[in-house]
Amino acid sequence: MLRAAGRGTAAAVVALLVSASALAGCGAWGTAAEVRQLEAIRPLQIPPLADGRLDGDGRRVFRLTADEATTDFGQGGPADTLGFNGSYLGPTLHMRRGEEVRVRVRNRLQEMTTVHWHGMHLPARMDGGPHQMIEPGARWAPTWAVEQPAATMWYHSHPHGQTAQQVYRGLAGMLLVSDPQAADAGLPNDYGVDDIPLVVQDKSFSSDGNLIVDPEGTASTGFLGDTVVVNGTVAPYRDVSREALRLRLLNAANARVFNFGLSDDRQFLIVGSDGGLLAEPVAADRVQLSPGERAEIVVRLQPAERIALTSYPPELGHGIGSQHRFGSGTFDVVQLRAAGELAPSPQVAPLLAELPAATAPQDAPVRRFGISGRAINGRPMDMGRIDEVVPVGRSEVWEVMNQDPQPHNLHVHDGSFRVLSIDARPPPPELAGFKDTVYVAPRSTVRILVRFDTYTDERWPYMYHCHLMWHEDLGIMGQFVVVGPGQDVRAAG
Ligand code: C2O
Ligand code: CU
């Protein structure tokens, strides 16, 4: 199948700059793995911020309606898409620590879906994984108490076997948790002004502007697109009016790993990972995210300059087979255009959060998860099988081994974990905070410290899985229940 279709039409609108590295690299121009470098021509769309409404019980209520629509990405015509409360993606849900929330979800699609709250600590029945299916025309209204640190999280559909295509077509959005009790860390926090969500994906378009929907793609990792799309915008720029900008980076791609940096290689501060703020800001010039991972970074700008948030070739590890690479190109993600005069921004505090030490108790049990082919520990996902039974409140070490020559990662539901080691070495500082998804390089081993507090359910499981979405759909996923003392495990429904 010709994956580069549509380039002719798009070229009429968008100037294509073939990057030298794309031509020089092994996967020359025209292979599926390379992303086109585009000139920034469209203002970045910012998803609306949804604050919900307080009901009579003091519970914050949100509404999400999944529907079919068309969206014009400017690639030659309208594309068939899915969205929550709009034609593509969904609003940014703002939840506050310490509050009860309810989300009234309505499925107006012609197919089943679910809505999973990626990164949330919550009861299994509210998790929105493959067991909380919402039939076409049906509603679902999960409720839970938000009890976790401020963080950049997201929500997305999660029906078993259909996640890749539904998320690709648009069923995803950001979910921000804020903490009214937390000390001000000097971070930009004016949503849509100096606090910018970036939902980063790669897609391909046909010559009439429609999305090419092909979750499997031609790579063993799943579909790789040739066009980067940010918050639903192709070739975006963003006007900047303040000295400092917080970018909330979400890799919502199917398979691609983005290695973010700035176009002039200047340093920025990494201030947050998946599950919350880091203990201290980390000065860096790159931050790499695999699908499902998030990072918060703070970038400082000079008046009147133009720089771009860029994706550089990812570092996928030494064990990778040459056929599994994602392309060698460098491409802009969003251009930042600073105003001639920038309003001053506060300095980021030297201490951001107090993190408990990430050390496993001496007697912590170790569970092993070997990812190979389409299975974890030799077993592909089975909705009717509970793979692991975990006592509530117990610290455990989960040892995740990627036995393949291709990239995987691991996402665990029901909150955050800590990375203990990567190939027996301590994690780099940007991975030392709260995580819920971690890259596991080919032929390498990552040990994480998990503990599931508060909620038990002997019947409804949570998931752990590779978040490369085609892998997840293929069955690189398992189910665990969290049980209290004396609880018996029954088969999942
Ligand atoms: Cu982001 Cu099980 O998912
Ligand atoms: Cu995988």
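The largest pocket of this predicted model has a volume of about 1200 Å³. A pocket here is an open set of points on a 1 Å grid over the protein atoms alone, where a 1.4 Å probe fits, with protein on both sides within 12 Å along at least five of seven lines. Its volume is the space filled by probe spheres set on the points. Lining residues have an atom within 4 Å of a point. Here they number 46, and R97, Q148, P149, A150 and G275 are the closest to the centre. β12 (172-178), β17 (244-251) and β32 (445-450) each give two or more residues to this lining. β12 gives the most, with three. Strands are DSSP runs of E, at least two residues long, numbered from the N terminus.

The second largest pocket holds about 840 Å³. Its lining has 31 residues, with Q288, E315, I422, L431 and Y439 nearest the centre. Two or more residues come from each of β19 (268-273), β21 (287-289), β22 (294-300) and β31 (437-440).

Now the sheet. Seven strands form an open sheet in the order β15-β14-β13-β17-β22-β19-β20, with mixed pairing. β15 (233-234) and β20 (276-284) are the edge strands, each with a single partner, so one side of each has no neighbour in the sheet. Two strands pair if DSSP finds at least two bridges between them. β19 and β20 run antiparallel and are joined by five bridges. I270 has V282 of β20 as its bridge partner.

Residues are numbered from 1 along each chain as its sequence is written. Local features need pLDDT of at least 70, while totals for linings use all residues.

Note on methods: Chains lettered and ligands numbered in written order. Predicted model: local features only at pLDDT ≥ 70, side-chain atom pairs only at ≥ 80, totals over all residues. Heavy atoms only, no water. Helix = DSSP H or I, 4+ residues; strand = E, 2+ residues; numbered from the N terminus.
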